[in-house]
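Hi,

Here is the structure I promised to pass on. Have a look first, and my notes come after it.

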Amino acid sequence: MTSRIPRDSRLRLVRPRPLAAAPRAMNQRRSRRPAPRPPEGTPAPAELARMARSGLAGAARVAHWADAALRPGRDGASPDGKGTLSEATAELAAEDLGLTAAQVRADWDTARLAGLVEVHGDSARPGWRLRAWDRDDSAVLRGWVALFDAWSLAHPEPREYEPSAVAEVVSAMPQVLSFLQLSAGPVPVAQLLDLLGQRVTELRTERCEIPYGPQPEPVQQPPADGETPLDALLDWALHALASVGALTYGDAQATLTPLGSWAVWVKLEQICVAAQSPAGNIEQSAEDMLRGCSQLRPNAARAEYRAWLAARTVGSAVGQLIDAARGEDALLRGLAFEALRVVGAPAEPDVRAAVGEATLRPYALLWLAEHDGIDPEDAHEVLTREEATWMWVDTAAAVADHGEAPLLVRHLESAIQPTVPMLLDEVRAVGHPRTVQVLVALAAAHPDPALAKAVRRAAFQVHTGGS
């Protein structure tokens, strides 16, 4: 069986656009349409968040422990580039939490995939979702959806499974999950296996791996040596999805959990799980004001920024916006600098000081370039290739958290790399803490099976520290 690997020239990006245009895409809205309602019987968001908190309780507990016990300057991770806990740290956490070291490691891994902790080389820090865990239901649900998207990483396949067959099943599972969601009840595994086989055949046909024209009636053959049978792969996939709480699996049947059913519906409807614009932005904090403006058109957002700024002294307003940009939510980082563009010259000293902060540096450099009169379409040229790639991942994280799947796919156009393999190589090297989540979301969203497979492989390599 043939496959298209990352160096294949057919995996090529479209003509690059200036990266500075990417954050602006977040503010583009399509024509309004009535918000679709979830299927009848779907629990309320607060109840779904309660379920997600319950399922991720172990991960949140380990993340909170790490936040309290591993302050800056202490070594809590192994220097292996994987973000795994050191032996000493795992044992200490197990003793403090009354768990085994294996349980701590499993919960830590879940916390990483859900964005509760973010790994930077051999150190880690709390993710913004952990900070909002007890007060923001949407942050909790986005964390659970991130884990749901990464189900194949949360429960890796056995080593003896053939990698290309695993990739086909991962690509085919969305259709299986859609069928489960539409069934709204238990479905026999035999029926799911039949559907999976059909979808895998379609994927192979799309890659021209099955000849067209009349073919003899297929005869059921045992798998060839080294080939993993589909029933074993389906069993692994269902166990993996059950491990993240998306479904229940037993007695030769599978059923989506309420959370799993809701998540599949969200994916199907391509809904943005983001806060609605609140009334009275002028009275809000910088962070809440930016969240409120996230769904406005650019002109309307700028009007909101001006009204908010007019109610505050310049120094206070700029300081609040810079603080909001330092947070873990990449969308707010981009919006904060859009608001600082409205401030103009009075913000220059603070923005220039922000150049020294790694997280803010690319945004600050673009702001200063535009302030100095460089055309916004050319401002991206002031960034190094590494800074541009870091900002591409940061913007992709914002799209993955707050945008729709097609927007994430279109975000590929803003990359400076001419091919997907080059992009993946440089994304892996840049070390952005959200790299795994971004690549998993892009693989789940992209319609090209070969490209999705390459991106998924890169996500796995970043997650495991492989090459």
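Below is what I found, from the whole chain down to a few side chains.

First, the ground rules. This is a predicted model, so I kept local features only at pLDDT of at least 70 and side-chain atom pairs only at pLDDT 80 or more, while totals for chains, interfaces and linings use all residues. Numbering starts from 1 along each chain as its sequence is written, and side-chain values use heavy atoms, with hydrogens and water left out.

The protein chain has 23 helices and five strands (DSSP runs numbered from the N terminus: H or I of at least four residues for helices, E of at least two for strands). Of its 467 residues, 49% are buried (under 20% relative accessible area with a 1.4 Å probe, protein chains only; over 50% is exposed and in between is partly exposed). Among contacts (heavy atoms within 4.5 Å) with a separation of 6 or more, 68% join residues 24 or more positions apart.

On to the inside. Beyond its neighbours within four places in sequence, Met173 contacts Trp151, Leu196, Leu234, Ala237, Leu238 and Leu241.

Trp151 turns up again in one of three aromatic pairs (Phe, Tyr or Trp rings, the six-membered one for Trp, with centres within 6.5 Å; planes under 30 degrees apart are stacked, over 60 edge-to-face, the rest tilted). Its partner is Trp236, and the pair is tilted, at 5.4 Å centre to centre and 45° between the planes. Trp151 sits in H8 (residues 151-154) and Trp236 in H11 (residues 230-243), so the pair ties together parts 85 residues apart in sequence. Relative accessible area is 6% for Trp151 and 4% for Trp236.

Phe337 and Tyr363 make a stacked pair, 5.7 Å centre to centre with 25° between the planes. Both are buried. Here H16 (residues 330-343) supplies Phe337 and H18 (residues 361-371) supplies Tyr363, so parts 26 residues apart in sequence are tied together.

H18 also packs with H19 (residues 385-402): their axes, lines fitted to C-alpha atoms over the stretch in contact, come within 9 Å and cross at roughly 105°. The two are therefore roughly perpendicular (65 to 115 degrees). Tyr363 is among the H18 residues that meet H19, whose side includes Trp390 and Met391.

Cheers

Terms used
Axes fitted to C-alpha atoms, helices over the stretch in contact; angles between N-to-C directions. Parallel < 35°, antiparallel > 145°, perpendicular 65-115°, else oblique.
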